[in-house]
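Colleague: Could you walk me through this model? I would like to start with the overall fold and then look at a few residues.

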Amino acid sequence: GTLEEVMEEQRLYLNKELTLADLALALNTNRTYISNYLSQVRGQTFYDYVNQLRIERVSLPMLKEHPEYTLDYVAMASGFASISTFRRAFVKLTGHTPRQLSSNP
């Protein structure tokens, strides 16, 4: 399967410790191939790609549907190992802090 299919079907982005090597293993390919694909085709690093999936697939829907959840909870449930990485990735992707988005109707 393609990178996108495997990431979606197996929800690999939820693994806080996901590495490029783990993804290569899941795709039965090598790290260099995936790294080159991400940078040349998607224009992203591995971590930017994974963080984008975490935010789009988990964080944003969770913040909209459950504004009562703490940011710590949302970050951990989305696959982030730390709240600081979550905040940084969130702002980079959306241009807003998680709190700004969760407090808007």
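Predicted model: local features only at pLDDT ≥ 70, side-chain atom pairs only at ≥ 80, totals over all residues.

Colleague: How many helices and strands does the protein chain have?
Modeller: Residues are numbered from 1 along each chain as its sequence is written, and side-chain values use heavy atoms, with hydrogens and water left out. Helices (H or I, at least four residues) and strands (E, at least two) are DSSP runs, numbered from the N terminus. By that count, the protein chain has 7 helices and 0 strands.

Colleague: What is the radius of gyration of the protein chain, and how does it relate to the globule rule?
Modeller: The radius is taken over C-alpha atoms, and the rule is 2.2 Å times the number of residues to the power 0.38. For 105 residues the rule gives 13 Å, and the chain comes close to that, so it is as compact as a globular protein of that length. The radius of gyration is 14 Å.

Colleague: Is Ser59 buried or exposed?
Modeller: Ser59 sits in helix H4 (residues 46-65). Counting contacts as heavy atoms within 4.5 Å, and leaving out residues up to four places away in sequence, Ser59 touches Arg54, Val74, Ser78, Phe80, Phe86 and Phe90. Buried means under 20% relative accessible area, exposed over 50%, and partly exposed in between (1.4 Å probe, protein chains only). With a relative accessible area of 0%, Ser59 is buried.

Colleague: Which helices do the buried residues of H2 pack against?
Modeller: In helix H2 (residues 20-27), the buried residues are Leu20, Leu23, Ala24 and Leu27. Seen down the axis of H2, they fall within an arc of 100°, so they line one face of the helix; the arc is that of the directions from the helix axis to the C-beta atoms. Their packing partners are helix H1 (3-10), helix H3 (31-42) and H4.

Colleague: What is phi of Asn28?
Modeller: Most residues other than glycine have a negative phi. Asn28 lies in the loop between H2 and H3, and is exposed, with a relative accessible area of 74%. Its phi is positive, near 60°.

Colleague: What is the relative accessible area of Arg11?
Modeller: Arg11 is in the loop between H1 and H2. Phi of Arg11 is positive too, near 45°. Arg11 is partly exposed, and its relative accessible area is 41%.
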